[in-house]
Amino acid sequence: MNRFDEALPIIESAHKRARTYFDLSYPAYSQKPYCDICIHKCALDSEKSFCGLVENSIRWAGSSEKGLLEWYYDPLPTNCVATFICPEKEHYGYKNLAIFYASCNFNCLFCQNWHFHDYLKRRSPIYSVEDLIGKIDDKTSCICFFGGDPTTQIAHALALAKKVKDRVRICWETNGSMNLKILKEMFYISVESEGIIKFDLKAFDERIHIALTGVSNKNTLENFRWVGEKSKEIKDRVVVVASTLLIPGYVNEEEVEKIVDFIVNINPNIPYSLLGFAPNFFFDNLPTTSKAHAERSFKLAREKGLKYVNIGNRFLLSHYY
């Protein structure tokens with residue numbers, strides 16, 4: 001990344017090409033008046049917002065009335081990044097209601113859930129809050145909002161969460177790039193329901209983050225610092241988990257070390273999950289994460305002072321490098 005200024009036009013061209021394929025703009029068009037949900041602050045009168053849900057001042061999905069999403073039951077214990085410390089990890093016979101929002105405020109070139117763009121193009125399926133409340137039964141222990149990212153449809157997610165937080169745990173899996181006021185609502189709902197907010201720290205170096213996602217990580221790191229500090233007030237359970245995808249050639253041990261130092265300086269008790277990468281979307285020519293890469297990163301994280309470290313989806317790990 002020593003010649004980032006030279007590489008930036010190529011990076012921007014790759015992200016623009018990925019988004020043009022799905023009729024999405026890049027970069028975001030920002031000016032007042034603007035949407036204040038996330039980092040982009042898209043102009044409300046723009047032809048299309050970065051997430052694709054607002055066109056010419058009209059939000060067609062992601063409101064408290066309707067969400068663009070798919071849902072399914074995930075038998076417990078699930079394969080989520082927090083499984084290794086989740087209070088539901090041995091709750092056999094019960095299930096998680098997984099709510100996958102089909103929109104995002106990042107443009108990850110390695111996205112494993114890139115199929116959500118097809119939902120955006122056809123504008124379906126649409127579900128109301130009441131539709132999803134009807135999916136909760138006596139065997140449903142928790143809800144996880146993910147995607148894409150729940151940030152882009154947070155009005156819908158919060159409307160549902162507020163109605164069911166006394167019945168199930170509320171968990172979030174997010175890139176963390178939202179307005180701090182929104183993050184506070186998400187965090188306190190998780191705390192109240194004894195759920196977990198899971199932050200995906202994709203990179204620490206902003207240049208690497210822009211190359212991977214098309215977006216700065218400044219907002220994510222600021223927000224993670226806030227939740228990390230607040231997590232120290234909760235003594236009896238885990239409320240925040242961090243995770244990082246080990247992308248060959250991009251997120252190596254040096255990058256993991258920077259992320260780990262960042263977490264340790266906030267709260268060394270925050271659990272950290274290292275995830276294996278598999279080739280996907282525009283990063284389909286890279287190898288899967290090697291076992292050696294994952295194990296070196298795990299050892300480093302422990303040696304740097306993190307108390308709870310996990311290697312997730314070990315079945316993906318290879319011996320390619």
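Tutor: Helices α4 and α5 are roughly parallel to each other, because their axes cross at roughly 25° and angles under 35 degrees count as roughly parallel (over 145 is roughly antiparallel, 65 to 115 roughly perpendicular, and the rest oblique). The model is predicted, so a local feature needs pLDDT of at least 70 and a side-chain atom pair pLDDT 80 or more, while totals for chains, interfaces and linings use all residues. Residues are numbered from 1 along each chain as its sequence is written, and side-chain values use heavy atoms, without hydrogens or water.

Helix α4 covers residues 154–164 and helix α5 covers residues 180–193; helices (H or I, at least four residues) and strands (E, at least two) are DSSP runs numbered from the N terminus. The two axes come within 11 Å; an axis is a line fitted to C-alpha atoms, for helices over the stretch in contact, and angles run from 0 to 180 degrees between N-to-C directions. The crossing of α4 past α5 is left-handed, meaning that the near helix is turned anticlockwise from the far one by less than a right angle (clockwise would be right-handed). On the α4 side, the residues in contact (heavy atoms within 4.5 Å) are I154, L158, A161 and K162. Their partners in α5 are I182, E185, M186 and I189. By class, this contact has six nonpolar residues, two charged ones and no polar ones. Here Ala, Val, Leu, Ile, Met, Phe, Trp, Tyr, Cys and Pro are nonpolar, Asp, Glu, Lys and Arg are charged, and the others, Gly among them, are polar.

Next come helices α8 and α9. Helix α8 (residues 253–266) packs on helix α9 (residues 291–303) at an angle of about 30°, and their axes are 10 Å apart. That angle makes α8 roughly parallel to α9. The crossing of α8 past α9 is right-handed. E253, V256, E257 and V260 are the α8 residues in this contact, and from α9 they meet H293, R296, S297, L300 and A301. The contact of α8 with α9 holds four nonpolar, two polar and three charged residues.

Helix α8 also packs against α7 (residues 218–231). For α7 and α8 the angle is about 35° and the axes lie 9 Å apart. Again the crossing, of α7 past α8, is right-handed. From α7, the contact uses L221, F224, R225, G228 and E229; from α8, it uses F262, I263 and I266. Five of the residues in the contact of α7 with α8 are nonpolar, one is polar and two are charged.

The backbone remains. Most residues other than glycine have a negative phi, and most peptide bonds are trans. The bond that joins Y26 and P27 is a cis peptide bond, with omega about -5°. P27 is placed in the loop between α1 (4–20) and β1 (54–55). S57 is a residue other than glycine with a positive phi, near 75°. Its place is the loop between β1 and β2 (58–59).
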